[in-house]
Amino acid sequence: MKRNYFNRKKRQFSNLSAYINKLIATHEWEQLADENRKGFIVRLNALYRQVGQYFSRWELKKILAAAAIFIGIPFVSQSQSFDPPQMNPFGLAPDSTYISRPVFADIDNDADLDLFTGVYIYDGSASIQFYKNTGSADSPIFDPAAQNPFGIVFPFGIIAFPAFADLDNDGDQDLLTGVTIENNYFPQFLYYENTGSPTEPAFAAAEINPFGLTGGFGFTIPEFVDIDHDGDLDLFAGEYGGNVKYFENTGSATEPDFATPQQNPFGITPSEDLAAPAFSDIDHDGDFDLFLGEYYGNFQYFRNSGTIEVPSFAPPIANPFGLVPTYQFNFPAIADLDDDGDDDIIVGEYYGMFQYFKNTEINIGIGENPAEADFELFPNPATDVVFISFRDEPKGGTVDISVIDLNGRIVKSAILNTNDQELMTNDMKPGIYFVRIIRDDKIFTRKLVIR
């Protein structure tokens, strides 16, 4: 930004925050018409996206005060909120399993999330159930379960806990499972490389404890996340007894190699009897927070009070944001299931039941507004480059563009002039993103799929 333009936007941001706080303090805010409140919030969000990164956390807290709830930044206590749970949503039905741990993956690269569950079946064999999403990214509908799809075979074990990630950085989803062995307190990891393609998965035979991994105690419930922001995926594994093991990836995004595990690092404390981990940037501050599901159905929430490179988790809060315990067992899976820009939760619980907690946080999300958006993206899906075509040519000046992932993080930003309307995407991982453009103080958003 040019200096004068930048300083003007900073003043506008501060002045608008002060005005909104005055309306809140005098109780005039709730008397405004809905469209007027929405206009203020959209304008505040637009200014925050433009200049918020240039303020310190302390400055933002001082400037925004109560108005921060409309942006959803982390020093606002519990701006997130979840609806009461729905039982077995999206066409899901309880099955004949005793334990069911759900995970999401776009396994066929069709821009919606499919569902997998690792289960314990009464015949005593480990199994994975696959529920294909035949709906859409914002309205999922799941087919009936198919058992052990795409060539997955378990050579041993009675309980399987899956996690999907592109571990060899070849553009498709590989599978790592923690497998509990009958009459053995020490489970193993099984790794299935995806030797198919992003659209037609096929899994190779299982490898036992690859990449230097070692199993845990009782259960091994894996979850991948780049917790130190070094460009490769690290591994956390919850255990029976409530502990969490951390395996730092000391290799690379293409050739992972995991260090000796650390138990309950970064301030994590054991949960009760069971630790089922799931990560989300739930407070939109750019780092990953941790949820642990417990044996008796509670959620434990560990807010990451550190940084994106150096995590540090605050003491846990039980059942925050309006979440309520499940009946028994809590295996959470976190994903944006209605495509509105915030993370929802599905829990696998006792007897194969599913509970869905819709996120209704007080925040302007990053959902698409195609009817209002004055630009098109092509090609879409894209690989190396995206071109931006305006319905009417910009009248000089610049437009601010941000690419935002499903966790609400800005992964790429630029200021484009009227003669430079292309964005390189060759350094972006495959997945679903939103492209947000700020033009003439208005926000326009479109979905972008990278393959």
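Reader: What makes Tyr185 count as buried, partly exposed or exposed?

Author: Its relative accessible area decides. Buried means under 20%, exposed over 50%, and partly exposed in between, with a 1.4 Å probe and protein chains only. Tyr185 has 60%, so Tyr185 is exposed. Two notes on the ground rules. This is a predicted model, where local features need pLDDT of at least 70, side-chain atom pairs count only at pLDDT 80 or more, and totals for chains, interfaces and linings use all residues. Residues are numbered from 1 along each chain as its sequence is written, and side-chain values use heavy atoms, with hydrogens and water left out.

Reader: Where is Tyr185 found?

Author: Tyr185 is in the loop between β7 (174–180) and β8 (188–192). Helices (H or I, at least four residues) and strands (E, at least two) are DSSP runs, numbered from the N terminus.

Reader: Which residues make the nonpolar surface patch with Tyr185?

Author: Tyr185, Phe186, Phe217 and Tyr240 make the patch, about 470 Å² of surface. Patch residues have over 30% relative accessible area and no salt bridge; nonpolar side chains (Val, Leu, Ile, Met, Phe, Trp, Tyr) are joined within 5 Å, like charges within 9 Å. The areas come from the Shrake-Rupley method with a 1.4 Å probe, and for residues only the protein chains shown count as cover.

Reader: Why is the pair of Phe299 and Phe357 called edge-to-face?

Author: Start with Tyr295 and Phe329, an edge-to-face pair at 5.0 Å centre to centre, with 85° between the planes. Rings of Phe, Tyr and Trp (its six-membered ring) pair if their centres lie within 6.5 Å; planes under 30 degrees apart count as stacked, over 60 as edge-to-face and the rest as tilted. Now Phe299 and Phe357: the centres are 5.5 Å apart and the planes stand at 90°, so this pair is edge-to-face.

Reader: What does the pair of Phe299 and Phe357 tie together?

Author: Phe299 lies in strand β17 and Phe357 in strand β21 (residues 354–357), so the pair ties together parts that are 58 residues apart in sequence. Both Phe299 and Phe357 are buried.

Reader: Which aromatic cluster holds Tyr295 and Phe329?

Author: One cluster has both, and among its other members are Phe161, Tyr240 and Tyr351.

Reader: Is Tyr351 buried or partly exposed?

Author: Tyr351 has a relative accessible area of 39%, so Tyr351 is partly exposed. Tyr351 lies in the loop between β20 (344–348) and β21. Its phi is near 60°, a positive value in a residue other than glycine.

Reader: Which strand holds Asp273, and what is its phi?

Author: Asp273 lies in strand β14 (residues 273–274). Its phi is positive, about 70°, although Asp273 is not a glycine. At 30% relative accessibility, Asp273 counts as partly exposed.

Reader: What makes Lys245 and Glu239 a salt bridge?

Author: A salt bridge is a side-chain nitrogen of Lys or Arg within 4 Å of a carboxyl oxygen of Asp or Glu. The closest N and O atoms of Lys245 and Glu239 are 2.9 Å apart, and the pair forms a salt bridge. Both residues are buried.

Reader: What about Lys358 and Asp338?

Author: Their side chains meet in a salt bridge, at 2.3 Å from N to O. Lys358 lies in the loop between β21 and β22 and Asp338 in the loop between β19 and β20, so the pair ties together parts that are 20 residues apart in sequence. Lys358 has a relative accessible area of 24%, so Lys358 is partly exposed. Asp338, at 16%, counts as buried.

Reader: How many salt bridges does the whole structure hold?

Author: A search finds 6. One of them joins Asp427 and Lys412, with the closest N and O atoms 3.1 Å apart. Asp427 is exposed, at 56%, whereas Lys412 is buried, at 17%.

Reader: How do you know what span to expect for helix α2?

Author: The expected span is 1.5 Å times one less than the number of residues. Helix α2 (residues 34–51) has 18 residues and reaches 26 Å from first C-alpha to last, close to the 26 Å expected. Its buried residues include Ile41, Leu44 and Tyr48.
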